[in-house]
Amino acid sequence: MRLLVVEDEPRMAGLLKRGLEEEGHSVDVVGTGPEGVWMGTENPYSAIVLDVMLPGFDGFEVARRLRAAGRWAPILLLTARTEVADRVEGLDAGADDYLAKPFSFVELSARIRALVRRGQPERPVVLSVGDLRLDPASRRAWRGEDELDLSAKEFALLELFMRHPGELLTRSAILDQVWDYAYDGVSNVVDQYVAYLRRKIDRPYGRSDLKTVRGAGYRLHDPGSA
Ligand code: CA
């Protein structure tokens with residue numbers, strides 16, 4: 001198999017290259033995010049071993065850019081961090097599995113074989129509600145043919161609404177899922193961001209799909225359920 005290793009620590013990169021070559025694979029090694037994207041885009045690898053912490057930009061971004069470019073080689077993410085949020089971000093970015101450092105080479109090798117057996121991952125579903133579309137993997141969103149220019153929080157908020165079309169979302173549910181902190185009964189951050197989002201997805205198109213449910217929260221109009 002032809003494998004790509006994206007790892008900036010020379011000792012770890014050397015160990016991986018030597019170990020994988022001893023198993024009969026052909027191994028390319030690069031040490032930065034941009035080089036990882038370049039190599040992964042230009043070459044048909046059977047699998048990619050991708051460190052999270054990299055110079056340039058991190059492994060999450062490498063995975064995102066490869067998927068956005070339509071490159072679907074299975075990705076095994078190496079993370080020094082074990083927080084659930086990191087794992088979720090990695091999988092959302094388009095990685096297929098992760099391995100926390102420190103790991104044994106035997107474990108790494110078994111994970112790579114399992115990923116390659118499983119084959120190329122399915123392209124993740126692009127969410128659509130009416131003529132709104134959102135691609136969680138490449139972090140892009142559109143109204144009709146227009147690509148929307150959203151901040152990270154606006155994107156997360158729109159994604160939440162699009163995963164629950166036509167449903168009432170309370171301010172506390174939105175705070176909990178998008179801001180990851182508990183509702184204190186005072187904060188109007190949700191209202192502010194809903195207003196920002198309306199200015200980008202509704203107002204320029206003469207629409208009002210993001211509805212206020214008085215005294216309760218917000219709801220994204222779902223034309224499919226009307
Ligand atoms: Ca690193």
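Tutor: Start with Tyr196. Its relative accessibility is 31%, so Tyr196 counts as partly exposed. (Buried means under 20% relative accessible area, exposed over 50%, and partly exposed lies in between, with a 1.4 Å probe and protein chains only.) Keep in mind that this is a predicted model, where local features need pLDDT of at least 70, side-chain atom pairs count only at pLDDT 80 or more, and totals for chains, interfaces and linings use all residues. Residues are numbered from 1 along each chain as its sequence is written, and side-chain values use heavy atoms, leaving out hydrogens and water.

Now find the partner. The structure holds one aromatic pair. Tyr193 and Tyr196 form that pair, edge-to-face, with 4.9 Å from centre to centre and 80° between the planes. (Rings of Phe, Tyr and Trp, the last by its six-membered ring, pair if their centres lie within 6.5 Å; planes under 30 degrees apart are stacked, over 60 edge-to-face, the rest tilted.) Why are they about one helical turn apart? Both sit in helix α8 (residues 189-201), and they are three residues apart there.

Step back to the whole chain. The C-alpha atoms fill a box of roughly 65 × 40 × 30 Å along the principal axes.

The charged end of Arg65 sits over the ring of Phe57, 4.1 Å from the ring's centre. (The rule asks for NZ of Lys or CZ of Arg within 6 Å of the ring centre and within 35 degrees of the ring normal.)

Next, the calcium ion. Asp8 (OD), Glu9 (OE), Asp51 (OD) and Met53 (O) coordinate it at 2.1 to 2.9 Å. (Donors are N, O and S atoms within 2.8 Å of the metal, or 3.2 Å for Na, K and Ca; water is not among the atoms, so sites may look incomplete.) Along the chain, the donors follow the spacing D-E-x41-D-x1-M. Glu9 lies in the loop between β1 (2-6) and α1 (10-22), and Asp51 lies in strand β3 (residues 47-51), so this pair ties together parts that are 42 residues apart in sequence. Compare their surroundings. Glu9 is partly exposed, with a relative accessible area of 38%. Asp51, at 3% relative accessibility, counts as buried.

How values were computed: Helix = DSSP H or I, 4+ residues; strand = E, 2+ residues; numbered from the N terminus.
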